[in-house]
Amino acid sequence: MNRARVIALTAVAMLPLAANSWFCRAALRDTAIDAASFTSIRLTSGALVLGLLLQLRRSRAPAGTPGAGGNWGSALALFGYAVLFSFAYLDLTAATGALLLFGAVQVTMILLGLCRGERLDGVQAAGVTLAFAGLVGLLLPGLSAPPLLAGAMMLGAGACWGVYSVRGKGAGDPTGVTAGNFIRTVPVTAALSLVLLGRASLDPAGVGYAVASGALTSALGYVLWYSVVPLIRSITAATVQLSVPVIVAAGGVLLLQEPITLRLVLASVAVLGGIGLVIIEQGRRAAGAAT
């Protein structure tokens, strides 16, 4: 595949990742759907689409083609991400939520790497410190600070997604593994909806947003992203994801008429800049080791 097509696919793959924040925030702010129902519909519709994709693939492929994979540990991490993500967006703007989510994902993956014996040099340590300071600074009390509980839930969502991402590395067929994990979340998220049935609230627009988030930007979006990752270096894949909070912020302004505060801008510079330092230094060290 030529370089121009790879670049175009990579750019397109960022849009579904960003659109999850737009759909969730719009649904929970502008429609009557509750967070638990949004989560259940999102995960169930994602599982249905991924299950159909697997069936189509197996019907057209030779016998022995892998089916659904995954495991319960990863499925629970996926569920934790999805439910905390939804409840956090009851009170966060799309841009703030995306920055907290993305920052927590990357910091969690770095910390898990340290637990597994990886080491950071001085530049990377400074980058992690800067990113962490940006997240803390965003949540410090003040007029433009996001609600603390919502912010903590989004950080928890990011931690869950970081764990899910680390567990998924080298797990084999990405589509099959993702499908299996989504399918396993269905009974768990159904149980959540039953527990909170007294608070359930649905309307056509909210359900539409949830289905779009599950079937399109989650299920098909993840398949698209995993199809792009093998075509680019891992360092490039990590770096290009720095664009997601920026895309979400731009969409929040244009599509949701949300404000961008000075606190959010400064926190974004710290978080994205700090993570960028870690990723760039990682790439430099890897290049040096290869020579």
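**Exercise 1.** Which residues of helix 3 are buried?

*Solution.* Keep in mind that you are looking at a predicted model. Step one is the cut-off: buried means under 20% relative accessible area. Step two is to go along helix 3 and list its buried residues: Ser-74, Ala-75, Ala-77, Leu-78, Phe-79, Gly-80, Tyr-81, Ala-82, Val-83, Phe-85, Ser-86 and Ala-88. Step three is to draw the conclusion: 12 of the 17 residues of helix 3 are buried, so the rest of the structure largely encloses this helix.

**Exercise 2.** Work out what span helix 3 should have, and compare the result with the model.

*Solution.* Start with the expected span, which is 1.5 Å times one less than the number of residues. For the 17 residues of helix 3 this gives 24 Å. Now look at the model: the end C-alpha atoms of helix 3 are 24 Å apart, which agrees.

**Exercise 3.** Describe how helix 2 packs against helix 3.

*Solution.* First, take the geometry: helix 2 (residues 35-60) and helix 3 (residues 72-88) pack at about 140°, and their axes are 8 Å apart. Next, name the arrangement: helix 2 and helix 3 are therefore oblique to each other. The crossing of helix 2 over helix 3 is right-handed. Then find the partners: Ala-35, Ala-36, Phe-38, Thr-39, Arg-42 and Leu-43 in helix 2 meet Phe-79, Tyr-81, Ala-82, Val-83, Phe-85, Ser-86 and Phe-87 in helix 3. Finally, sort them by class: the contact of helix 2 with helix 3 has 10 nonpolar, two polar and one charged residues.

**Exercise 4.** Where is Gln-257 found, and is Gln-257 buried or exposed?

*Solution.* Gln-257 is in the loop between helix 10 (243-256) and helix 11 (262-290). Its relative accessible area is 59%, so Gln-257 is exposed. Now check the backbone: phi of Gln-257 is near 55°, a positive value in a residue other than glycine. Most residues other than glycine have a negative phi.

Definitions and conventions. Residues are numbered from 1 along each chain as its sequence is written. This is a predicted model: local features need pLDDT of at least 70, side-chain atom pairs count only at pLDDT 80 or more; totals for chains, interfaces and linings use all residues. Side-chain values use heavy atoms; hydrogens and water are left out. Axes are lines fitted to C-alpha atoms, for helices over the stretch in contact, and angles run from 0 to 180 degrees between N-to-C directions. Helices (H or I, at least four residues) and strands (E, at least two) are DSSP runs, numbered from the N terminus. Angles under 35 degrees count as roughly parallel, over 145 as roughly antiparallel, 65 to 115 as roughly perpendicular and the rest as oblique. A crossing is left-handed if the near helix is turned anticlockwise from the far one by less than a right angle, and right-handed if clockwise. Contact means heavy atoms within 4.5 Å. Ala, Val, Leu, Ile, Met, Phe, Trp, Tyr, Cys and Pro count as nonpolar, Asp, Glu, Lys and Arg as charged, and the others, Gly among them, as polar. Buried means under 20% relative accessible area, exposed over 50%, partly exposed in between (1.4 Å probe, protein chains only).
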